[in-house]
Amino acid sequence: MSRRPSALHAATVVFTLALGAALTGLNSAKEPAVGRIHGTVTAQETGTLIPEAQITLMPGAEPGNGPWEVYNATTDAHGAFAMARIPVGVYRVSASSRAHELKKTVVSVEEGQLGNLKLEMAPVPEYLNLD
């Protein structure tokens, strides 16, 4: 004896499947694809690691791409830094310290990847005066 599902049962199954798909879509919308970046900062003229350098990631390869979240880090005593949960995309990197600055640098953050940056900062001109 075969029993056919009722219309109410069929509607419940369809609603449950639709709700599950909607919730899955909502969860994925809340969790953007992210990556991580770590690296070191050195002085271009000596290769010495630079502690306490300020590193900033700004979305977009060129300035003026809108009001986006900016990511900051400071190098540790060994000139190393790390940034986690950075949304996938292209970022401008800026870095500075008391006596050094970074030339224009662009980095791409890839989903689930750990990017390794080796930043070489040039001396700020007024610090080159040896008189």
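This report walks through a predicted protein model, from its overall make-up to a few single residues.

## Model and confidence

Residues are numbered from 1 along each chain as its sequence is written. The model is predicted, so local features need pLDDT of at least 70, side-chain atom pairs count only at pLDDT 80 or more, and totals for chains, interfaces and linings use all residues; side-chain values use heavy atoms, with hydrogens and water left out.

The mean pLDDT (the predictor's confidence in each residue, from 0 to 100) is 80 for the protein. Of its residues, 68% reach 70 or more. Residues 9-21 have pLDDT below 50. Beyond near neighbours in sequence, that stretch has zero contacts in the model (contact means heavy atoms within 4.5 Å).

## Overall make-up

The protein has one helix and eight strands. These elements are DSSP runs, numbered from the N terminus: helices are H or I with at least four residues, strands are E with at least two. From the N terminus on, the order is α-β-β-β-β-β-β-β-β.

Take contacts between residues at least 6 apart in sequence: 63% of them join residues at least 24 apart. Of the 131 residues, 28% count as buried. Buried means under 20% relative accessible area, exposed means over 50%, and partly exposed lies in between (1.4 Å probe, protein chains only). The protein exposes about 9200 Å², and carbon and sulfur atoms supply 58% of that. Accessible areas come from the Shrake-Rupley method with a 1.4 Å probe; for residues, only the protein chains shown count as cover.

## The nonpolar core

In soluble globular proteins, nonpolar side chains tend to be buried together. Here the largest nonpolar core has 21 residues. Such a core is a set of buried Ala, Val, Leu, Ile, Met, Phe, Trp, Tyr and Cys residues joined through side-chain atoms within 4.5 Å. Val41, Ile55, Leu57, Phe81, Val93 and Leu119 touch the most other members. At least two core residues come from each of β1 (34-43), β2 (54-59), β3 (71-74), β4 (80-87), β5 (89-96), β7 (105-109) and β8 (114-123).

Leaving out residues up to four places away in sequence, leucine 57 touches Ile37, Val70, Tyr71, Met83, Ile86, Tyr91, Arg92, Val93 and Val107.

## β2 and its partners

Strands pair if DSSP finds at least two bridges between them. β2 and β3 run antiparallel and are joined by four bridges. β2 and β5 also run antiparallel, with six bridges. On the β3 side, glutamine 54 has threonine 74 as its bridge partner, and isoleucine 55 has alanine 73. On the β5 side, proline 59 stands opposite tyrosine 91.

Alanine 73 and isoleucine 55 are 18 residues apart in sequence, yet 5.1 Å apart in space, C-alpha to C-alpha. Alanine 73 is buried because its relative accessible area is 10%. Beyond residues up to four places away in sequence, alanine 73 touches Ala53, Gln54, Ile55, Phe81, Ala82 and Met83.

In β3, Tyr71 and Ala73 make up the covered face, while Asn72 and Thr74 make up the uncovered one.

The structure holds one aromatic pair. Rings of Phe, Tyr and Trp (its six-membered ring) pair if their centres lie within 6.5 Å; planes under 30 degrees apart count as stacked, over 60 as edge-to-face and the rest as tilted. Tyrosine 71 and tyrosine 91 form an edge-to-face pair, 6.2 Å centre to centre with 80 degrees between the planes. Tyrosine 71 lies in β3 and tyrosine 91 in β5, so the pair ties together parts that are 20 residues apart in sequence.

Serine 97 sits in the loop between β5 and β6 (100-101). Serine 97 counts as buried because its relative accessibility is 19%. Apart from neighbours within four places in sequence, serine 97 is in contact with Ile50, Ala53 and Met121.

Glutamate 52 lies in the loop between β1 and β2. Its phi is near 60 degrees, a positive value in a residue other than glycine. At 61% relative accessibility, glutamate 52 is exposed. Arginine 85 belongs to strand β4. Phi of arginine 85 is near 55 degrees, again positive in a residue other than glycine. Arginine 85 is exposed, with a relative accessible area of 53%.
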